[in-house]
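Please read the following note beside the sequence and the structure.

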Amino acid sequence: PRTPDMPDPADTQPNPKPPPGRPRRIAYAHDWLVGYRGGEAVLERLAALPTRRPDLHLQATPLYTMFHTPGAVASQAPATDALQARVSWLNRFPTRSVARRGRRWLLPMYPFAVGGLGRALTRDHAREPIDLLLSTSSAAIKGLRPPADVPHLCYCHSPARYLWDRTDQYGGDSIKAKARSAGLGLFGPWLRSWDRRTAAHATRFVANSKHTAALIQRAYGRDATVIHPPARTAYFTPASRPKREDFWLVVAALEPYKRTDLAIDAALHAGARLVIAGEGGQRAELEARAADAPAGQITFTGRVSDERLRELYRTARLLVFPQVEDFGIVAVEAQAAGCPVVARAEGGALDTVVDGVTGALFTGSAPEALAEAADRAPEHADTACARHAQAFGETAFDNAMAAQIEDLLTDAQKR
């Protein structure tokens with residue numbers, strides 16, 4: 001019987017050669033398209049690259065993904081939405097919410113889904129040659145096998161967190177948490193073996209931060225080039241006449257790993273006013289945590305528009321970034337708008353925040369440490385923050401990824 005990552009027999013046949021002078025065809029792969037977050041923002045920028053960089057002579061071909069909710073990214077990612085989706089058989093499960101929520105319970109099936117997508121890619125390639133596979137992955141799609149002699153460039157947000165570095169966050173006391181923990185205990189060793197083995201399907205890894213590059217080396221034994229995700233530095237800009245108000249800001253999904261609870265505790269300890277922009281499953285718990293605060297000290301705004309978010313970045317005394325992220329684009333957006341960032345000295349924040357210049361770093365998870373860092377955060381730092389954020393802008397990302405793509409295509413052409 002065929003193993004999940006075994007190639008289709010057609011993959012062993014001679015590789016069809018592209019006709020001269022045609023555009024180089026690029027196939028995209030993404031774990032799932034069920035909503036729009038940071039990973040989808042990166043994919044959108046890459047999907048638009050053939051149009052944005054005509055000098056590369058690229059042509060986008062279908063997108064290969066395990067789960068797809070039609071229209072889920074249409075308004076925010078038109079270039080991605082325009083790609084024809086090749087979806088795995090997992091998406092057919094008769095559960096209305098399988099793509100958005102139920103997909104997590106199908107984790108042991110991911111290798112088989114990715115294997116099936118790889119065979120679909122090989123069949124598509126046999127009909128019309130593909131020159132490059134470009135995947136963006138934080139779960140399993142990096143294991144997609146490309147056809148013979150087709151390079152695979154993987155932009156890795158993180159090796160699968162539930163397998164390698166955050167397994168403890170998938171446990172807990174609830175029935176669901178215990179079921180997740182039991183499932184990872186049962187299938188984890190096999191999934192890690194598959195994940196490590198199929199890293200060989202990527203010709204080259206690009207990591208979104210030094211933190212992620214270190215995780216790739218630890219999990220897969222592979223080096224990775226660091227190219228930071230594209231931040232909208234042309235949109236998030238400082239006010240023409242900066243006027244900062246005396247409040248802290250949190251911008252995050254209200255979920256446990258974002259550590260908004262720590263931001264609340266630090267604000268209560270320091271007597272600081274805190275504005276929390278975001279929505280999520282932990283909101284009721286966090287509101288209860290802040291219930292004893294003086295009126296107006298802790299404010300929950302819910303999800304906000306881009307215009308309102310830019311206004312908050314432009315007027316907050318500082319952004320609190322208490323979680324450990326693989327990169328953390330919110331911290332860059334805030335700096336682009338001139339707002340200093342108080343961040344935990346771990347993960348992607350070490351790439352994006354300059355201690356004492358564009359913000360302040362703290363260690364550990366004590367509210368007192370965060371509050372002390374807030375006291376050290378620089379004032380009147382709009383210019384320094386915005387200047388630093390330009391290194392993480394969209395043009396820098398486009399240029400760096402274009403260089404990677406051109407390099408791989410040139411190498412493949414020489415073979």
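**Note on the structure**

1. Leaving aside residues up to four places away in sequence, serine 88 touches Thr65, Met66, Ala113 and Leu117, where contact means heavy atoms within 4.5 Å. This is a predicted model, in which local features need pLDDT of at least 70, side-chain atom pairs count only at pLDDT 80 or more, and totals for chains, interfaces and linings use all residues. Residues are numbered from 1 along each chain as its sequence is written, and side-chain values use heavy atoms, with hydrogens and water left out.

2. Serine 88 lies in the loop between β3 (85-87) and α4 (110-127); helices (H or I, at least four residues) and strands (E, at least two) are DSSP runs, numbered from the N terminus. With a relative accessible area of 4%, serine 88 is buried, that is, under 20% relative accessible area with a 1.4 Å probe and protein chains only. Its side chain reaches the backbone oxygen of methionine 66 at 2.8 Å.

3. Glycine 393 is in the loop between α14 (382-389) and α15 (394-414). Glycine 393 counts as buried because its relative accessibility is 5%. Alanine 234 is 159 residues away from glycine 393 in sequence, yet their C-alpha atoms are 7.7 Å apart.

4. The open sheet has 7 strands in the order β3-β2-β1-β4-β5-β6-β7, with parallel pairing; two strands pair if DSSP finds at least two bridges between them. Its edge strands, β3 and β7 (224-226), each pair on one side only. Strand β1 (residues 24-33) is joined to β4 (residues 132-137) by 5 bridges.

Technical notes: Buried < 20%, exposed > 50% of the residue type's maximum accessible area, 1.4 Å probe, protein only. Polar contact = N/O pair within 3.5 Å; in protein donor to acceptor, adjacent residues only side chain to side chain.
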